[in-house]
Amino acid sequence: MILNIKIFSSSSHQDLSQETADCLGLELGKVVTKKFMYVENVYIIWSGCGEINNNLMAPLIMINTCKIVSASQLTAVIPCFPYAQQDKKDKSWVTISAKLVANMLSVAGADHIITMDLHASQIQGFFDIPVNYLYADLGVLKWIRENISEQKNCAIVSSDAGGAKGVNSIEDRLNVDFDLVAILVDDMVDTCGTICHAADKLLLAGVTRVYAILTHSIFCGPAISHINNTCFKAVVVSNTIPQDDKMKHCSKIQVIDISMILAEAIRKTHNEESVSYLFSHVPL
């Protein structure tokens, strides 16, 4: 049992925070404005989703509050890193917002960051504090093996250059041979226009069944309409972003729970163990 540790949630993703606390056998801490109890180690779980600016400010205030009351170690657990797509200058007047978020977290008082499937790996270098970078690959592989009987006859495909980095890892682990089935993989989607267009092209090329597996699914604008009108057998997403409302409007969406991965990362961090074990093993 983990002692002298407290887990708090920002309002952006209460369900994932509760599930992670449950995996650790801990109660989720209640955020109050009057009195704060002292604990040695604090983990604040939140995700870059919803009304992003409001949902960014709230955990920054929580981090700073914990630091003011002398929490000795404060870890921000951020499954979906906010502004991750703004990781470089594509125009001379554009700010690198992901770097700004990194600076704000450090200034607020975070000592350590745990995140998952960053849109660009260089975001780790924006921090001057330790960053543990987790991967959803193993949870994805588990879902594929349990739900796609034709897994040996499939091709792992990226809809664009941004998703290509995740393709080789999954393809190598599955040891696939043929391409009667296509699995489109991406780390982050918003309107789903690109991935739906890729699915249509795969059908025209002779693929008989198409799945999409996505880590961070923002699903904004016409995304749900695009998915409903495309040939996907299933669109599988992680719960780094809440999907309950989207699932009501699209029966193709299925969710992989990553709370156990976060819980194990927290446990290993607290016990000063290597988190790299999670690169090759799915916590049970």
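Visitor: Which residues in helix α1 are buried?

Guide: In α1, which spans residues 14-24, the buried ones are L16, S17, T20, A21 and L24. Buried means under 20% relative accessible area, exposed is over 50%, and partly exposed is in between, with a 1.4 Å probe and protein chains only. They cover an arc of only 135 degrees around the axis, so they sit on the same side of α1. That arc is taken from the directions from the helix axis to the C-beta atoms.

Visitor: Before we go on, what kind of model is this?

Guide: It's a predicted model, where local features need pLDDT of at least 70, side-chain atom pairs count only at pLDDT 80 or more, and totals for chains, interfaces and linings use all residues. Residues are numbered from 1 along each chain as its sequence is written, and side-chain values use heavy atoms, with hydrogens and water left out.

Visitor: OK, what covers the buried residues of α1?

Guide: The cover includes β1, β2 and α9 (259-270). Those names are DSSP runs numbered from the N terminus: helices are H or I with at least four residues, strands are E with at least two. Contact means heavy atoms within 4.5 Å.

Visitor: And β1, is that one mostly covered or open?

Guide: Mostly covered: 5 of the 5 residues in β1 (residues 5-9) are buried. I5, I7 and S9 point one way, while K6 and F8 point the other way.

Visitor: Which strand is β1 joined to?

Guide: β1 runs parallel to β2 (residues 41-45), with 5 bridges between them. Two strands pair if DSSP finds at least two bridges between them. I7, for one, has Y43 in β2 as its bridge partner.

Visitor: Switching to the sheet with 5 strands, what's the order?

Guide: That open sheet goes β6-β7-β8-β9-β10, with parallel pairing. β6 (154-158) and β10 (253-256) are the edges; each has a single partner strand, so one side of each has no neighbour in the sheet. On average, neighbouring strands are turned by 25 degrees against each other, direction ignored.

Visitor: Which helix packs on it?

Guide: α6 (residues 193-204) does, touching β6, β7 (181-189) and β8 (209-217). The direction of α6 makes about 170 degrees with that of β7. Axes are lines fitted to C-alpha atoms, for helices over the stretch in contact, and angles run from 0 to 180 degrees between N-to-C directions.

Visitor: How many aromatic pairs are there?

Guide: The whole structure has 3. One of them is F81 with F127, edge-to-face, at 5.9 Å centre to centre and 85 degrees between the planes. Rings of Phe, Tyr and Trp (its six-membered ring) pair if their centres lie within 6.5 Å; planes under 30 degrees apart are stacked, over 60 edge-to-face, and the rest tilted.

Visitor: Where do F81 and F127 lie?

Guide: F81 is in the loop between β3 (73-78) and α3 (97-108), and F127 is in the loop between β4 (112-116) and β5 (131-134), so the pair ties together parts 46 residues apart in sequence. F81 is buried, at a relative accessible area of 3%, and F127 is buried too, at 8%.

Visitor: Last one: how many disulfides?

Guide: The search finds 0. A disulfide here is a pair of cysteine sulfur atoms within 2.5 Å. For C192, the nearest cysteine sulfur is that of C196, 5.4 Å away. C192 is buried, with a relative accessible area of 3%, while C23 is partly exposed at 32%.
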